[in-house]
Amino acid sequence: MITAFVLIKTDASRIPESAQEISELAGISEVYSVTGEWDLIAVARVSKHEDLADVIADKLSKVPGVLSTTTQISFRAYSKHDIDAAFSLGFDH
């Protein structure tokens with residue numbers, strides 16, 4: 001599974017509508033409205049890299065109100081559980 005974080009700038013008047021439309025796209029698992037430089041962050045999860053082009057370039061970027069995107073592809077996921085296991089000294093908790 002390939003995970004990518006898509007940072008999205010939108011027309012301010014369409015943030016909720018754009019977020020809803022993006023969240024309904026196949027390959028998009030989550031969409032967050034955020035503060036700062038970006039308006040939305042979408043999480044794309046696909047089987048292969050080629051699918052990112054279909055989801056992001058062919059669909060997400062064409063949603064009305066989307067002005068620009070920057071995509072960050074994830075190499076590895078870390079969770080609290082993974083970090084605890086990596087630093088565990090083998091003692092029972």
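**Figure 1. Four salt bridges turn up when the whole structure is searched.** This is a predicted model, and the next views take a closer look at some of these pairs.

**Figure 2. K9 and E37 meet through their side chains in a salt bridge, with 3.8 Å from N to O.** K9 belongs to strand β1, while E37 sits in the loop between β2 (28-33) and β3, so this pair ties together parts that are 28 residues apart in sequence. Are the two partners buried or exposed? K9 is partly exposed, because its relative accessible area is 28%. E37 is exposed, with a relative accessible area of 56%.

**Figure 3. E30 and R45 form a salt bridge whose closest N and O atoms are 3.1 Å apart.** Here distant parts of the chain are linked: E30 lies in strand β2 and R45 in strand β3, 15 residues apart. E30 has a relative accessible area of 26%, so it counts as partly exposed. R45 is partly exposed too, at 37% relative accessibility.

**Figure 4. The side chains of E21 and R14 join in a salt bridge, 2.7 Å from N to O.** E21 is partly exposed, at 31% relative accessibility. R14 also counts as partly exposed, with a relative accessible area of 22%.

**Figure 5. The largest nonpolar core holds 18 residues.** Which of them touch the most other members? They are V6, I8, I22, I28, A42, L52 and L60. At least two residues of this core come from each of β1 (2-10), α1, β3 (40-46) and α2 (49-57). Have a look at A42: setting aside residues up to four places away in sequence, its contacts include V6, I8, I22, I28 and L60. A42 also touches E30, the residue that forms a salt bridge with R45.

**Figure 6. S18 is found in helix α1, which spans residues 15-23.** Is S18 buried or exposed? S18 counts as buried, because its relative accessibility is 0%. Leaving out neighbours within four places in sequence, S18 is in contact with T10, L40, V63, P64, G65 and V66.

**Figure 7. The protein chain has three helices and four strands.** Starting at the N terminus, these elements follow the order β-α-β-β-α-β-α. Of the chain's 93 residues, 28% count as buried. Among contacts with a separation of 6 or more, 67% join residues 24 or more positions apart.

How values were computed:
Residues are numbered from 1 along each chain as its sequence is written. This is a predicted model: local features need pLDDT of at least 70, side-chain atom pairs count only at pLDDT 80 or more; totals for chains, interfaces and linings use all residues. Side-chain values use heavy atoms; hydrogens and water are left out. Buried means under 20% relative accessible area, exposed over 50%, partly exposed in between (1.4 Å probe, protein chains only). Contact means heavy atoms within 4.5 Å. A nonpolar core is a set of buried Ala, Val, Leu, Ile, Met, Phe, Trp, Tyr and Cys residues joined through side-chain atoms within 4.5 Å.
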